[in-house]
Amino acid sequence: MTDALTARESLSRFGFDSLFSGYPDPTFAMDVAGTIIDCNEALLTELGTLSGSIIGSPISSLFSERTAEAASAEFAARGPSRFAAELLRADGSLLRAAIVLFPVELDGVVTAIVGFAHDIEAQDVTEVIAARGKALERMAGRLALMGAWTIELSTNTLHWSDELCQILDFGPGEHPTLEQAFALHPDEDRLAFERAVDRAAVDGTPFDERRSMYTATGRLLRIRALGEAVRDRSGDIVRVQGALYDITDQFDAIAQKIESEERLSSMVDAITDGIAILDTEWAYSYVNPRAEEILGQPADHLLGRVMWDVLPDWRGTEFAIAFKSAELERTTITVRDYYEPLGLWLDVRVYPLSNGLAIYFRDVSEEELAREKSAADEKRIAAQAALLDVARDAIVVRGLDHTIRYWNRAASELYGWSSDEVIGSSIRELVYLDVETFDAATAATMRDGAWNGETEQITRSGERLIVDCSWTLVNDDAGNPDSIFAVNTDITARRSQEERVLRAQRMESLGTLAGGVAHDLNNVLTPILMSVQMLALGEDDPGRSELLGVMEASVKRGAEMIRQVLSFARGVEGRRIEVDLNTLLVELESECNEALADNVEFTLRADDKLWRTNGDPTQLLQVLINLVYNARDAMPDGGGLVVAARNVTIDQSFSSLTHLASPGDYILLTVEDTGSGMTPDIMDKIFEPFFTTKDLGQGTGLGLATSAAILRSHEGFIQVYSEPGKGTRFSIHLPASTEPDGESEIDHSADVTEELPRGNGELVLIVDDESAIRQITRTALEAFGYVTVVASNGNEAIEFCDSSPGSVDLVVTDMMMPLMDGAALASRLHSAHPSMPIVAMSGLNTNGGIVRAADSGVHNFLAKPFTTGELLRVVRSALDGRSQH
Amino acid sequence: MSTRGRDATRIMVADDDPLIRTVLRFALEGAGYEVSATDSGDGVIAATAADAPALIVLDARMPGPGLSTTLATLRLSRVPVLVLSGDEIVAKGTVTPGLAYLTKPVDINELLSTITRLLSGATHSAPAHD
């Protein structure tokens, strides 16, 4: 057997290797020849090298050149020694260390030397050595605590060495009998030990049992008993002999070392943790009480038994893998997993020992459950937060002290503060205008667990909001109120929308009611009117006649009001043609000139490039005239009246601000006076039917209501701004009918200026049953040099033409008229006045309509809606065509 | 109807409102017409079938058959009809040859002139106006 093998075996047999492998200081072992056979991790770490470069090298290689010789000399002495030396690191640097060499003896012969090094660079050598002295003494004692035993099978007698007697507190030479010796083991251990000895005696099976054993004085020791059979020349087993040593301290030391290391490294209360040590066969050689508890088995059941046998369920677990890896790779491995058989989450650290494994158990079930819960909570919260962030409602979680804990994205958008800005500040001070309501609502939430209601709040920009609040009290896990979860819905817009809907509904029902009443009222007025008129017929007395006249006028005014109510109740249906509001404004101006007193200064601000709208020009003019009259009435002492028109584009923000308009292009008409103005509460009501500020009998209270209804039917809207004593401005938005682009604007401006063909005093007969069309057409033609006459039906037209033959230069006629339609009229006119050109206007833009118009002698066609330019061009070309004929 | 004078033109007033019937009777009799009256659509149809008047002044809204049904039936008798309605739109819808409408409250002068026009237009023996 080589020195190295002998050394290894002796270290192993003493269990010494396991001691130093877990030792915190650099430790190494040598055979008797001075060759390093093993070292611990601490040494490798300290020197910055690998075990391969150390094991197999002479001891002198560990030291600096300067101290190697002295170290070799100490080693050669083969006795316990302590000295200072310099360890040589792989990088060439030196480590001043206190070295302790300790011989290991087997059967009285030194078979190995164990060396310990301790870094003394920061400390005095002697101090360190003194501190280590105790440990050395303990080791020396341990080395002494080994004895030999022999059982002679022929006589069944036991022999103990003196050392063994000393270990077991027997006096030198006081040999117990074999039975007495077995009796020193606790029951279970004794049986196991007896079996081991019996087997060795019967078939020569060697054993290595780690058991408990009482000494003569009653101390319980952990012992390790090695045994083997000894055969005679004939091969018969004659005795069983072996060694026994006290390993109590060894396990205590390891256990303490692991515990202290854990305490230091993890700050976890290691005392409550389990420690077990497995030998090379993976039999339990040590378990602490906590390990017993965790493993669910008393130490008696565990010690000496192979792990797999005691707890077969460990097989195939992460833990088993960790044990194997730790043993194979000689590294500390930590694994945390759920151990099904015990129903526990275990944190297991496995420290490789040279003769087994040290296992550190920690029951982390609670920690794991908490972690799982918190992970689940976090996941839930994250999911909720994601949901909350996409929620359109502002969601705010606040503590009971009102400090904001959570603030979702919608809250940021609604209130104007980001989450970072408000977390931790008080919601009460931040957004609540009326803290009394807030406090009352909070109290209700605390009392009832929830509260719903409306509050008035304010945004960062100072905008006031009406907010529908839904608050819920949230308890913590212990059931104590912890926070208030608030879902705040901005209903400011909805509220005004609701108000508008309510107002519209009110107006509608008022209209319906009024319609019904009006109908019956006419029946009431009929007998009065007729009676009055009949009485008046036979009345000679001038005074009585005058009174009857007053009655008649009053009845007729009542009838007029009823007519208006009915038309309001019925709603406003009108035509939809392209309207050039400039034309309308020209008409308005002439109307205003008649209606306005001299002390009212009227200003018209039109825009050449004004877009057009689709609508009923008569109705729109009615709206404008109504506004002008209202303005006039608001300025009894005179003032200024400005009517203006311009193009505007309503963007999304304005649209959402007013809730009236969809985004797009509009023509904005404003009618502004410098009159008496209105207070806000009056402004609120002016669009309601039958609301009037005028004296009884002076207004129906339907003008603005009808105007608003007309504009709604045009997909436009009307707004009012007023200041008492300063004046009032009505703004009308009408949607632009065509997509305004640069070209059309240029065309339009060209329309208005000289590029359009003008007339030269020609007489044009305009035939249309719609007065509005007649008016528009007339206005346009007259503005461009024509003279016009009008007729509202075919008969009138024919009559005019027949009455003054040759005077009419051209006829513009609508094709769709009652009684005699345009085609019939054209046909009649063409036969009577073949040289007179006829221009047909029709909204029916189909080929059929054109063909029929052509058949009736019409060669010029004007599709409604037409622009002024189109009208002028068609009229001009028709006239020129005639002159060319 | 028994006491119709040879020169008197008989007009039937159909209105469910007794006050209106009364005032119309006064107005028409004052203008020299003979007046009969009824208060429902059924009544005017039955009375016309039995003894057709020269003209019917018909309220647009009465109990019994609706206005259009009444008018369709009366059209068979070729008696001119003057519809009186509190609602111009309703009245407008009735316009066909031989029909006229007036909106309540009715001006007596309009009433009489319209009746005159209708009677002249509907009287086939009379020369037609241009």
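Modeller: Two residues count as in contact if their C-beta atoms, placed from the backbone, lie within 7 Å. This is a predicted model, in which local features need pLDDT of at least 70 and side-chain atom pairs count only at pLDDT 80 or more, while totals for chains, interfaces and linings use all residues. Residues are numbered from 1 along each chain as its sequence is written, and chains are lettered from A.

Colleague: How many residues of chain A are in contact with chain B?

Modeller: 15 residues of chain A are in contact with 15 residues of chain B.

Colleague: Which helix supplies the largest share of that side of chain A?

Modeller: α20(A) does, with 11 residues. Both α20 (492–537) and α21 (542–570) of chain A supply at least two residues each. Helices here are DSSP runs of H or I with at least four residues, and strands are runs of E with at least two, numbered from the N terminus.

Colleague: Changing topic, in what order do the five strands of the open sheet lie?

Modeller: The order is β12-β11-β15-β14-β13 in chain A, with antiparallel pairing. Two strands pair if DSSP finds at least two bridges between them.

Colleague: And which are the edge strands?

Modeller: β12 (284–287) and β13 (333–339) of chain A pair on one side only. Seven bridges join β13(A) to β14 (residues 344–353) of chain A; Val335(A), for example, has Val348(A) in β14(A) as its bridge partner.

Colleague: What lies across β13, β14 and β15 of chain A?

Modeller: Helix α14 (residues 318–329) of chain A does, running at about 165° to β13(A). Axes are lines fitted to C-alpha atoms, for helices over the stretch in contact, and angles run from 0 to 180 degrees between N-to-C directions.
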